[in-house]
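Biologist: I would like a close look at one part of this model, with the cut-offs stated as you go.

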Amino acid sequence: MDKTALITGASSGIGKEFAIYHAGKGGDVILPARRAEILKTLKSEIEEQYGVKAHVLSMSMLSHW
C-alpha cells in the first residue's frame, strides 16, 4: 500500500512537523506552501533522512497555471 500525504503549510510550524512525522513513518509527502526555497530544503532533509519521496509545490509554481 502506498502512503502519500498532502500536507499544507509545510514550510514551517505544525505543517512542517506533520511532514516530518509522516515521512518518519515511511510515507511520501506532497508539500504545498508559499516559500519555495524553504520547501526545497525540507524536501532534501526528508528524502535524505527518511528515504521517502517529497514533492514540492510552491505557490509561485502554481500561479503560472
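What is the relative accessibility of Y50, and as what does Y50 count?

Modeller: This is a predicted model, in which local features need pLDDT of at least 70, side-chain atom pairs count only at pLDDT 80 or more, and totals for chains, interfaces and linings use all residues. Residues are numbered from 1 along each chain as its sequence is written, and side-chain values use heavy atoms, with hydrogens and water left out.

Y50 has 30% relative accessibility and therefore counts as partly exposed; buried is under 20% relative accessible area, exposed is over 50%, and partly exposed is in between (1.4 Å probe, protein chains only). Y50 belongs to helix α2; helices (H or I, at least four residues) and strands (E, at least two) are DSSP runs numbered from the N terminus. Leaving aside residues up to four places away in sequence, Y50 touches I20, A23 and G24, where contact means heavy atoms within 4.5 Å. Y50 and G24 are 26 residues apart along the chain, with 5.9 Å between their C-alpha atoms.

Now to the helix that includes G24. Helix α1 covers residues 13-24, and its twelve residues should span 16 Å at 1.5 Å a residue, which agrees with the 17 Å between its end C-alpha atoms; the expected span is 1.5 Å times one less than the number of residues. Buried in α1 are G15, A19, H22 and A23. Viewed down the axis of α1, these buried residues fall within an arc of 100 degrees, so they line one face of the helix; the arc is that of the directions from the helix axis to the C-beta atoms. Their cover includes β1 (4-6), β2 (28-33) and α2 (36-50). Exposed residues I14 and Y21 sit on the face of α1 turned away from its buried side. After α1 comes G26, with a positive phi near 95 degrees.

As for α2 itself, it holds E37 and K40, three residues apart, about one turn of the helix. Their side chains form a salt bridge (3.5 Å, N to O), that is, a side-chain nitrogen of Lys or Arg within 4 Å of a carboxyl oxygen of Asp or Glu. E37 is exposed at 56% relative accessibility, whereas K40 is partly exposed at 45%. K43 and E47, four residues apart in α2 and separated by about one helical turn, also meet in a salt bridge (3.0 Å, N to O). Both are partly exposed, K43 at 27% and E47 at 25%. By this rule the count is two salt bridges.
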